[in-house]
Amino acid sequence: MNELKQTFVNIIELSKKLHESDENWYYKVAEPISRGEIMKIQQENNAILPDEFIKCMTVSNGFTVDFSSSVGYFHLYAAEKTAPQGKHSCIGWHNHKCLYYNSLTGEFFIENERYKYTPITDFNREILIPVENYLKQQLIYSERRHELLEKQKDNPLREYFDKFMEYRNSNQNITMYPPASEEGIADWEKEHVKLPEFYRNWLLLTNGFTNGCFIEKFDAPTSLFVQLLKNKEFRNKFINIYCDYANEILTEEKGNAMADYYLQNYTEKLAN
């Protein structure tokens, strides 16, 4: 089997295993489509699709995988949904960045910055293999979820977490990511800043939470923020402000008060 197609098959298999280990992982695979059928679609649309995209379609005609979302951390449109919408047309997503193609040349691009199209010279190496590696890591995290939670029996926020989990099981609008590990948090802090203890305790229960509002995953800062931290003046100001917040706002008392508020509101809904 072609190397690119094998990587794509691996991605599909990893996605299936992730879903089996944690139902919050969403994936969608389709029946393959033949090159002849794709050729007909290209003729109807008067467009040239990237050859790497075509190879993927002969494995699954459209694909998506993401945690608790059908939008797709990695998503490829079905061949029949690739009609050109201009010079550059979106035919998929990778890590929340749009994958485009030039319908006149069949060239592949990724929109790393808004309206800036970076050519993809090796789709397997630049896109598929990183997706495969990411899913492998997520599978390890997912398989360790129960082990990590078992270590957090005495976590001061465990009671609130368990209540959220009860409510989440009856409410699809709540997303609770798998817990972060002590070593994962420590590695992140070495590269960035020390996290407040209250926030750290919550990450050890769930590395990211959303219910209308959103508590960001500790290992998912924006690229802009990471670049800003490289500026010494900004970094120092940020650390000073963050320390003030940690001492005055992100206190255990205020955190417990917020948790109590949610607990009181959700308890009645759970009873119903």
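What percentage of the 272 residues in the chain is buried? Buried residues make up 43% of them, where buried means under 20% relative accessible area, exposed means over 50%, and partly exposed lies in between (1.4 Å probe, protein chains only). Please keep in mind that this is a predicted model, in which local features need pLDDT of at least 70, side-chain atom pairs count only at pLDDT 80 or more, and totals for chains, interfaces and linings use all residues. Residues are numbered from 1 along each chain as its sequence is written, and side-chain values use heavy atoms, with hydrogens and water left out.

View 1. Helices (H or I, at least four residues) and strands (E, at least two) are DSSP runs, numbered from the N terminus. Of the contacts (heavy atoms within 4.5 Å) with a separation of 6 or more, 58% are between residues 24 or more positions apart. The accessible surface comes to about 15600 Å², and carbon and sulfur atoms hold 50% of it; the areas come from the Shrake-Rupley method with a 1.4 Å probe, and for residues only the protein chains shown count as cover.

**View 2. Helix α1 (residues 3–21) beside helix α4 (residues 123–150).** Their axes come within 9 Å and cross at roughly 20°, which makes α1 roughly parallel to α4. Residues making the contact include L4, F8, I11 and L14 of α1, together with L128, V131, L135 and L139 of α4. Axes here are lines fitted to C-alpha atoms, for helices over the stretch in contact, with angles from 0 to 180 degrees between N-to-C directions. Angles under 35 degrees count as roughly parallel, over 145 as roughly antiparallel, 65 to 115 as roughly perpendicular and the rest as oblique.

**View 3. The disulfide between C90 and C98.** A search of the whole structure finds one disulfide (a pair of cysteine sulfur atoms within 2.5 Å). It joins C90 to C98, with an S to S distance of 2.1 Å. C98 is buried because its relative accessibility is 2%. Another cysteine to look for is C56, buried at 0% relative accessibility.

**View 4. E111 in strand β6 (residues 108–113).** E111 counts as buried, at 9% relative accessibility. Leaving aside residues up to four places away in sequence, E111 touches K97, C98, Y100, K116 and Y117.

**View 5. E23 in the loop between α1 and β1 (25–29).** E23 is exposed, with a relative accessible area of 65%. The C-alpha atoms of E23 and F67 are separated by 9.0 Å, and the two residues are 44 residues apart along the chain.
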